[in-house]
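Reader: Before we go through the labels, please show me the sequence and the model.

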Amino acid sequence: MKPESTLPNHTRVLIIGSGPAGYTAAIYAARANLSPTLLEGLQPGGQLTTTTDIENFPGFPDGIDANELMENMRKQAESFGTKMLQNTCTNAQLNVRPFQFTLDNGDNITADSVIIATGASAKYLGLPDEQKYMGRGVSACATCDGFFYRKKIVAVVGGGDTACEEASYLAGLASKVYLIVRKPFLRASKIMQERVLTNEKIEVLFETNTIGLYGENGVEGAKLVYRKGENDEKVYDLPIDGFFLAIGHHPNSELFKDYLETDTNGFIVTKDDTPCTDVPGVYVAGDVADPKYRQAIIAAGSGAKAAMEAEKYLAQ
Ligand code: NDP
């Protein structure tokens, strides 16, 4: 193993991000005696903490509260010696050795290797009502929350592959699914379009935008505006129980763009289905590099892989 640096604020492995990818990477790195440091960021626990119960994470036949699951992962990582910092990273330099990072409190930290697990953030429309009803009818993850809408009426916003996938998934549970699409056509792949358009439970509302939500105890409906040309406009209320956003995700990769390859949507590109990047010692785990699956269990698995790669690198 390389000798440990004597620099102050130095760590062998810096893990940035506290979702399932970050905490799992920390568990593996800590158990490998690498004494990792983990930056928890503004939202410890990551995206999952915006949902309620998790019923598809293996090992919990009765489901588990999302916050409890993340708290358990955190405790497990800490118990093996992970140093947790409640900071965000504001600057990263991956072209120097050791790598250098600046934190939001102005501290600097150096690291021999880094695991980027900064996740992705669902895009929202920006309506105040989305915040008001968050977790009470508003969701950005059908796989996480769809089960709570069995035999209910839901709406999905978006016309891409994600929206079509979410609408199809929800159609298997809900009694009716509206797909709210702002353009007169779907952007999704042909196969997904066909799946949506031939599903009897899904009704596509083209050229329609959401301007608000209403309800006493959670979402009871959406205020929609249908606009065709300049003179044909209709504002109306659509009674629904759940409102799902599927208008894309922002991968949180901004800090690393000068050093790492990203795809056209900003997801970090890794090598050959591994967590490795073009920069030796820099690994990526979870949703920041995953435009497709975006599931907690997959993020956790990729965190384990990233820590194993970091361990191998540090042992060279
Ligand atoms: P996309 O960017 O492809 O689609 C976003 C959709 O949301 C578009 O229909 C867009 O409308 C709409 N939208 C964006 N902003 C707003 C807004 N403010 N109000 C209303 N509607 C809005 O994102 P996806 O997440 O669907 O897909 C991302 C990538 O991942 C794509 O390349 C996709 O193919 C891929 N993917 C692949 C899957 C698979 O292969 N199984 C599954 C899921 C995603 P507009 O068209 O008007 O811009």
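Author: Buried means under 20% relative accessible area, exposed over 50%, and partly exposed in between, with a 1.4 Å probe and protein chains only. The model is predicted, so local features need pLDDT of at least 70 and side-chain atom pairs pLDDT 80 or more, while totals for chains, interfaces and linings use all residues. Residues are numbered from 1 along each chain as its sequence is written, and side-chain values use heavy atoms, without hydrogens and water.

Reader: Why does isoleucine 298 count as partly exposed?

Author: Its relative accessibility is 36%.

Reader: Why is serine 253 called buried?

Author: Serine 253 has 1% relative accessibility, and the limit is under 20%, so it counts as buried. It is found in the loop between β18 (249–251) and β19 (282–284).

Reader: What makes arginine 12 and aspartate 112 a salt bridge?

Author: The term asks for a side-chain nitrogen of Lys or Arg within 4 Å of a carboxyl oxygen of Asp or Glu. The N to O distance here is 3.7 Å, so the pair qualifies. Arginine 12 is in strand β1 and aspartate 112 in strand β8 (residues 108–116), 100 residues apart. Both are buried.

Reader: Which parts does the salt bridge of lysine 228 and glutamate 207 tie together?

Author: The two side chains meet at 3.4 Å, N to O. Lysine 228 lies in strand β15 (residues 221–228) and glutamate 207 in the loop between β13 (202–205) and β14 (208–214), so the bridge joins parts 21 residues apart in sequence. Lysine 228 is partly exposed at 42%, whereas glutamate 207 is buried at 15%.

Reader: How many salt bridges are there by this rule?

Author: The count comes to nine. One of them joins glutamate 309 and lysine 312 at 3.3 Å, N to O. Both residues lie in helix α7, three residues apart, about one turn of the helix. Glutamate 309 has a relative accessible area of 18%, so it is buried.

Reader: What makes a nonpolar core, and how many residues has the largest?

Author: A core is a set of buried Ala, Val, Leu, Ile, Met, Phe, Trp, Tyr and Cys residues joined through side-chain atoms within 4.5 Å. The largest has 33 residues; among those with the most contacts inside it are Ile15, Leu48 and Tyr283. Helix α7 gives the largest share, seven residues.

Conventions
Helices (H or I, at least four residues) and strands (E, at least two) are DSSP runs, numbered from the N terminus.
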